[in-house]
Every structure is written in structure tokens, then in C-alpha cells.
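Hi everyone, thanks for coming.

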Amino acid sequence: MGTGHHHGDTGRPRLAVAFGIIAALVVTQAVGTIITGSLALLVDTAHMITDAGGLLLALVAATVMHRPVSDRYTWGLRRTEVLSAMLQAGLLLGVGVFALVEGIRRLVEPPPVAAESLLVFGVIGLAANIAAMVVLASHRRANLNMQAAFIEVLADALGSVAVIVSAVLMQTLGWNRADAVAALVIAAMIIPRTAALLRESFGILLENTPKGVDLDDIRAHIIEVPHVVGVHDLHVTRISSDLPVLTAHVVVEDGCFTDGHTAQMLAQLQSCVAEHFELSIEHSTFQIEPESNRVRENVHHD
């Protein structure tokens with residue numbers, strides 16, 4: 001028994017625009033990489049390719065994640081959001097590791113780089129990424145899928161800044177190792193963010209308790225409801241980043257089953273978890289049990 005839940009804005013039109021911008025930029029920067037021979041631009045272009053692929057994944061996920069439920073998929077396809085975010089993070093992590101390894105190698109043996117051309121392509125990349133960020137910014141917290149897409153574009157914008165700085169240093173100081181340093185900076189920006197995103201994605205798939213949810217606090221609040229004598233098998237998980245669900249067995253006084261009080265209690269319990277905690281849980285399922293059933297039910301877990 002549970003309350004209804006709503007489906008948020010998937011951000012699909014914004015994702016489509018951002019994908020178009022980044023896809024066009026991939027082609028531009030690939031040409032720039034060939035012209036300049038820059039590792040930083042190569043890494044940034046590889047990052048752009050994963051960005052484009054990630055945004056395409058995000059766009060597909062945004063298209064299918066809110067399709068109607070069915071007998072086969074009783075939660076619909078909400079978890080495509082999590083799978084998409086995890087794949088995007090995996091791609092970005094691969095780029096970050098490559099940048100780290102290749103950057104160290106080029107610090108030892110820095111190759112020649114066309115700094116003037118590199119600066120031009122860096123500025124183009126930054127402008128395009130800022131445009132994509134503006135498109136995604138207002139909905140970046142809508143769900144995990146949009147969050148992953150925004151992080152990709154943000155990291156790429158910072159990568160473009162690193163490319164520009166390295167080009168300026170090479171032009172003004174003749175320091176060719178600046179290109180390798182820029183690649184290492186990009187890697188340092190990518191790896192921690194993608195690790196955090198992977199951790200959150202795996203956490204949802206493994207049905208961990210959402211951050212900020214205190215089960216003891218929820219249990220204590222439920223027990224405060226009149227006629228409740230115990231709570232067990234309490235679980236709070238997420239189907240997707242924006243769909244938390246709660247299930248619990250609530251033990252009540254035997255008299256509630258004879259005076260018709262259970263329906264009123266159910267409404268109180270649902271209101272309790274939907275309104276009194278930092279994470280509003282709109283979809284809750286309670287199994288209400290008589291106190292006398294405790295003797296028969298010997299096997300359960302908290």
C-alpha cells in the first residue's frame with residue numbers, strides 16, 4: 001500500500017541541444033589535435049568523444065526512463081538513468097587514466113606542439129562547453145542522469161581552460177611541458193568526480209540507504225504514532241535517484257484490527273514518512289501486523 005509518486009522533468013530537449021553542440025565540437029577539436037600535435041587537446045578531444053557518447057546515453061535514458069510501467073517492468077525503466085550515469089562515469093574514468101599515464105610520459109619527453117593553433121582550438125572548445133553548460137545548468141539536479149551529463153560538460157570546460165593556459169605558457173615562456181601538465185590537470189579533475197558518480201550509481205543498484213536517511217530516526221518516529229508497538233524489516237532504497245521507496249512491517253495493538261482503526265493508521269504512517277524527513281518518501285509500503293502475530297513471526301531482520 002503506498003502513495004503515488006510523480007515523474008520529474010527528464011531534461012530531454014536540453015540534452016539534445018547539448019549533444020549537438022558537443023558533437024560538432026568533437027569534429028573541430030579532432031582536426032585541431034592533428035594540426036597541433038597537443039596531448040592536452042588530444043585528451044580533451046577524447047574527453048569530448050566520451051562526452052558526446054555520454055550525452056547520447058543520457059538522451060536515450062531520458063527518452064525511455066519515464067515510459068509507463070508494465071507487467072514485465074513494474075517500475076518502468078527508471079533505472080536506465082542509473083545505468084546511463086554509470087556508463088558515462090566509466091568512460092570518463094578511462095579517459096582520466098589515459099591522460100594520467102600519457103601526461104607522465106610526455107613530462108619526461110615533451111614533443112613539439114603548435115601553441116598558436118592550440119590556443120585557437122582551446123578558446124573554441126571553451127565557448128562551446130560554456131554554451132552546453134548554460135543549456136543544462138537549470139536542470140542539472142533533476143536526476144542522476146542530468147547530473148552526470150552536466151559534470152561531463154563542466155569537466156570538459158575546465159579541460160578547455162587547461163588547454164588555453166598551456167598554450168599561453170608555451171607561447172610566452174617556451175615551456176613545452178605545459179601541455180603535459182595541462183593533461184595531468186584534466187585527469188585530476190576527471191577522476192575524483194567520476195569515482196564519486198560511480199560510487200553513487202553502484203549504491204543505488206545495490207539498494208543502499210540513501211545519504212541523509214537515518215533509519216533509527218524513521219523507526220523512532222513511526223513508533224511514536226499512536227497504537228504502534230514495534231517496527232521491523234524497515235528498508236529505504238531508491239529505484240532511481242529521484243524515486244526513494246520505503247517498506248516496513250509495523251506492529252500495532254490487536255484492537256486496531258477490530259475497531260477499523262488500521263485504515264486511519266496507514267494514512268498517518270504514509271504522512272509521517274512523506275513530510276517529516278529531509279528526504280520526502282512519496283512511495284511507501286507498510287505491512288501492518290497485530291501484536292499477537294509477533295509470537296508466530298520468529299524470523300525477521302531490522
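One term before we start: buried means under 20% relative accessible area, exposed means over 50%, and partly exposed is in between, with a 1.4 Å probe and protein chains only. This is a predicted model, where local features need pLDDT of at least 70, side-chain atom pairs count only at pLDDT 80 or more, and totals for chains, interfaces and linings use all residues. Residues are numbered from 1 along each chain as its sequence is written, and side-chain values use heavy atoms, leaving out hydrogens and water.

Let's begin with A180, which lies in helix α6; helices here are DSSP runs (H or I, at least four residues), numbered from the N terminus. Why does A180 count as buried? Because its relative accessibility is 2%. Its neighbours, not counting residues up to four places away in sequence, are L39, G103, R106 and L107, where contact means heavy atoms within 4.5 Å. The C-alpha atoms of A180 and I104 are separated by 7.1 Å, although the two residues are 76 apart along the chain.

Now to L100, in helix α3, residues 80-108. L100 counts as partly exposed because its relative accessibility is 37%.

Finally, how far can we trust this? The predictor's confidence in each residue, pLDDT, runs from 0 to 100. The protein chain has a mean pLDDT of 80, and 90% of its residues reach 70 or more. Over residues 1-8, though, the pLDDT is below 50, and this stretch has 23 contacts in the model beyond near neighbours in sequence. Where pLDDT is low, the predicted coordinates should not be read in detail.

Note on methods:
Helices (H or I, at least four residues) and strands (E, at least two) are DSSP runs, numbered from the N terminus.
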